[in-house]
Amino acid sequence: HDALPISDLSRQYQLSFWLHAMKQQPGQFVQNFYSDMVCLWDEIAELEPWRNYLSEVEKFYAYRDSHRLILFLIALLDDCDSTRTTILNRKPLPSFDSALKDLISEETRRYTTSPRSADMVLATPHQTNSTS
């Protein structure tokens, strides 16, 4: 097993630190948050050692996919709790892409079915004074 050069190890530390500090912000869509995380994951992937055997590469990709899914679910807002629980309880754990589609679908459903304060209109009956 080959050790990373010191400069790569420092970079991997810095990227991992930023990744673990990431949290979805209120009002930030899941897709946008995912895009931000992918940028860091791609940089970290550049530093990962590669194996020459196809079976090991496939196992590694499966492990990395599930690890990224867990980190992503941890960083989401609490209003994703029910979808997060559903995803984590599925056997086998879904792929990251499948879970992301579920999260975006649920976010879209919540966004389109919940009233937003700026869109609400209150109607009150108009009273007339009738003097006859």
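Start by selecting Phe33, Tyr34, Trp41, Phe72 and Phe96: together they form one aromatic cluster. Keep in mind as you look around that this is a predicted model.

**Next stop: two helices**

Colour helix 2 (residues 30-46) and helix 5 (residues 96-113), whose axes come within 10 Å of each other. Their crossing angle is roughly 150 degrees. Angles over 145 degrees count as roughly antiparallel, so helix 2 is roughly antiparallel to helix 5.

Now show the side chains where the two helices touch. What classes of residue make up the contact of helix 2 with helix 5? There are 7 nonpolar residues, 1 polar residue and 2 charged ones.

**Last stop: an aromatic pair**

How many aromatic pairs are there? The count comes to 8. For one of these, select Phe29 and Tyr111, which pair edge-to-face. Their ring centres are 5.9 Å apart, and there are 80 degrees between the planes. Zoom out and follow the chain: Phe29 belongs to the loop between helix 1 (6-21) and helix 2, while Tyr111 belongs to helix 5, so this pair ties together parts that are 82 residues apart in sequence.

Phe29 has 40% relative accessibility, so Phe29 counts as partly exposed. Tyr111, at 40% relative accessibility, counts as partly exposed too.

Technical notes. Residues are numbered from 1 along each chain as its sequence is written. This is a predicted model: local features need pLDDT of at least 70, side-chain atom pairs count only at pLDDT 80 or more; totals for chains, interfaces and linings use all residues. Side-chain values use heavy atoms; hydrogens and water are left out. Axes are lines fitted to C-alpha atoms, for helices over the stretch in contact, and angles run from 0 to 180 degrees between N-to-C directions. Helices (H or I, at least four residues) and strands (E, at least two) are DSSP runs, numbered from the N terminus. Angles under 35 degrees count as roughly parallel, over 145 as roughly antiparallel, 65 to 115 as roughly perpendicular and the rest as oblique. Ala, Val, Leu, Ile, Met, Phe, Trp, Tyr, Cys and Pro count as nonpolar, Asp, Glu, Lys and Arg as charged, and the others, Gly among them, as polar. Rings of Phe, Tyr and Trp (its six-membered ring) pair if their centres lie within 6.5 Å; planes under 30 degrees apart count as stacked, over 60 as edge-to-face and the rest as tilted. Buried means under 20% relative accessible area, exposed over 50%, partly exposed in between (1.4 Å probe, protein chains only).
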